[in-house]
Amino acid sequence: MEVQTIKPIEILLVEDNPGDARLTKEALKEGKVLNNLNTVANGMDAISYLRKQKPYDHVTTPDIVLLDLNLPKKDGREVLAEIKQDPELRRIPVVVLTTSKAEQDILESYELHANCYIIKPVDLDQFIAVARSIENFWLTIVKLPTN
Amino acid sequence: MLNLSKMPLKRKLALITATTSVVALILACTAFFWYEWRSYNKDIRSYLECISAIIAENSVPSIKSGDTEGLERILATLENEPHIIAALIRTIDGRTLTEYKSADIDDVTFPASVESGVQFTESNLMHVSMPVQADNETIAHVSLLSDARIINDQFWNYLEITLGVMALSFLVAWLLSSRLQQIITTPLLKLAGLAKQISEQKDYSVRAPEVGQDETRQLVRAFNEMLTQIQARDKILRQSEDYLKTMLDSVRAGIIMVDAHTQKIITANACAIELIDKPREEIIGKHLTEFISFNTPHPAHPETAATNHRADVQALIKRYTDKGVPALLSRARIRWRNEDYEVNSLVEISKLKQTEAALAYERDLLKSLMDNIPDMIYFKNNSGRFTRINHAQANAFNLDHPDQAIGKTEKEILGHEEHNGTDEARTLNNGIPVIGEVRRKPEPDGSPSWFSVTQVPVRNTTGIITGLVGISRNITDQKQTEESLAAKATELERSNRELEQFAYVASHDLQEPLRMVASYTELLARRYRGKLDEDADEFIAFAVDGATRMQQLINDLLTYSRVSTSGKPFKPTDFNQSLEYALANLRMTINAVNAQINHEPLPTLPADSTQITQLFQNLIANALKFHSDDTPRIHISAGLVQQQQTKTSKASREWRFAIRDNGIGIDPAFKDKIFMIFQRLHGYSEFPGTGIGLAVCKKIVERHSGRIWVESEFGKGSSFYFTIPEYIDNNGSANNKTH
């Protein structure tokens, strides 16, 4: 094992449902990768967090964003569009994690350059499996740029 | 006297031949007789002279010696000559020395002349006198008398024989010529027979055979040539006669030609014979009035009628079978080859009379229709003036009688023009009809009333528009009903849509909190199983199970509502393909139960292919699920059937699909219930499932304007049937539905 693992992976979870947020956290907790999961509950906060605007001026730029689509204040699609239009932020992989199975949402997300689109499984076991997969793929297999 | 010209040719010929031969014979015989007569005379003279010379010579000694006895003996030798009846020797002074007489002669007188030679006596006896000379000196004369009659007798005998021969020759000549004349007459008679046959049978195509080399052949040839010419002429004649006859017979009017004076029928064409309805033989030669009676006195009067005089009269063709046929008779008088004829042409007018009756019927029908129909009917001429209206229209115009509208415009009647003036102009000028147009007209009290107006141009036989006819009906009640129905339908549609939306949204929004419940109870189970007490474990298990089933129900509900909310437009769908997809989706289950699935060729129909796949998938999954102990066998078939006719739809065709299995079957009591949402016939532990599958099937089939049902006997398998119309519009309603 290399020293890298000492430094935890920074994950930003944009999720208005605390239940889901907690569930994601619990799922990732059971994983192998040392991570630092930060949660914001709406789109406005997500953008502020990423641009390190107050009150997020001390946070670390996340290595990956897990984004729900249906968010209060600023919609997930808008957040996605803003991230991908921002030259500073667009390198950050955005995983759309939502309950929507709508074809329209899937297509729109990819057109806004989402890095992948995942439908939240209803079943807990599957949810954990998906969380693990995200961890496995994005945090282990994929080589992300270093800040 | 025989009349030679009347005598048959063969007899003539025989007679000519016989006569000729007899005449020749007579001439020959005459010549012969004449010659014979002469030579006989000559002979007998020389004979007599010779005998007398011999006697003279022989008597010389006896005379010298005066031996009378010797002279007698010499003369006695004449007995051998019977025709010499007497002889005399006398001296030159006329003294008789001796005399001889034949026995049968009594008395003879010798002529006194002693001139030498033969002379005839007065009693027609030949007298020969010969001088007896001695020493060149006449000493006596010998005279002989010969009876010429004996010679004549001989001659007559001769003549008789000749005549006999002649008669015989005539007979022979007659018989012979009678036979021989056949050589000439037979061909002639044959020719004559042929000519007779031709003239009787009018068959000019026959020809006489050319036999022999003589003039008969020339005659036959000439005869044949004549026949050829006659045949050609006859053909032309017949042709023109045929043309004329065909022409006459094809005329659809009866033509009867009569003698102008006798009024007897000379000829009649086919139509005339048909009209009179009697055989031709019974018509020709009869008086015209036997068949036709004239309503007015027959104007034909031979004396007064001028040539080519014409007259038309009403007539009645007499018939035994019925009252007679009314006809129009047109008569023309013609003069042809100094004879007067009348040509009568007959036209049956019973049809005309029938037509008149039919027209009257039609007129009455139209009148009764117009008078009794509640619809308003009006006719206008092409200047927009009414030519006729019915009572209903008169009532609408507040007129007492329909005739009051005639000749007036709408404006003149109502005081204002209806707003359909442009339509009327279009109908009158361009022939554009108005069909069932709904028009709104305000009632006097201001409430709206509705009319359905149909207005079409009226054309004359040449197609020129002479006016228009319009029918309008008050449809206010109908319109109001329609409007309220349409409003209800819209309301129903909206409420339906809302309900569907509600179901979708409700189930969708239910999912979120439910996911929380399910996830955290599951998390509880994972984290705390065995860490709390047994009851807690059991409670958690029930909570998890309930949440899972709730999720399934919501998913099913979503699927169910999506059939209508997420349905795609209908496109031509190959049902074979849809079935293949369904089978591919079910592959694992099929393999697990080792099912045998086969299907017949399926059609391509307008449908939502995804839903058809789902339909097959649900039905086959159902069959696989409820299999019996036997190997599951599923058969899918399809056939074209005539659709049931209902009040609102015309009969059209639809495809009926059948999915037959050998599974456990369904109690017929439940055959309708199984298609209802969340209806289950079995315990959850026996056959898991929410009971959504067949409800979805029903919804899919109904979206395709079809029907679904099951026929089954418990324990003997089931057959699920569904229908899809052959034609269907893109909105998902069959073409036969009326809105």
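Let me begin with a term: a residue is called buried under 20% relative accessible area, exposed over 50%, and partly exposed in between, with a 1.4 Å probe and protein chains only. The structure is a predicted model, in which local features need pLDDT of at least 70, side-chain atom pairs count only at pLDDT 80 or more, and totals for chains, interfaces and linings use all residues. Residues are numbered from 1 along each chain as its sequence is written, chains are lettered from A and ligands numbered from 1 in the order in which they are written, and side-chain values use heavy atoms, leaving out hydrogens and water.

By that definition, B:Ser578 counts as buried, because its relative accessibility is 3%. B:Ser578 lies in helix α13 (residues 575-585) of chain B; helices (H or I, at least four residues) and strands (E, at least two) are DSSP runs, numbered from the N terminus. Setting aside residues up to four places away in sequence, B:Ser578 touches B:Thr573, B:Ser609, B:Ile612, B:Thr613 and B:Phe616, where contact means heavy atoms within 4.5 Å.

I turn now to the sheet. In chain B, five strands form an open, antiparallel sheet in the order β13-β12-β16-β15-β14; two strands pair if DSSP finds at least two bridges between them. β13 (386-389) and β14 (434-442) of chain B each have a single partner strand, so one side of each has no neighbour in the sheet.

Within it, β12 (residues 376-381) and β16 (residues 465-474) of chain B run antiparallel and are joined by six bridges. Here B:Ile377 stands opposite B:Ile471.

Finally, helix α7 (residues 350-372) of chain B packs on the sheet, touching β12 and β13 of chain B.

Definitions and conventions: Axes fitted to C-alpha atoms, helices over the stretch in contact; angles between N-to-C directions.
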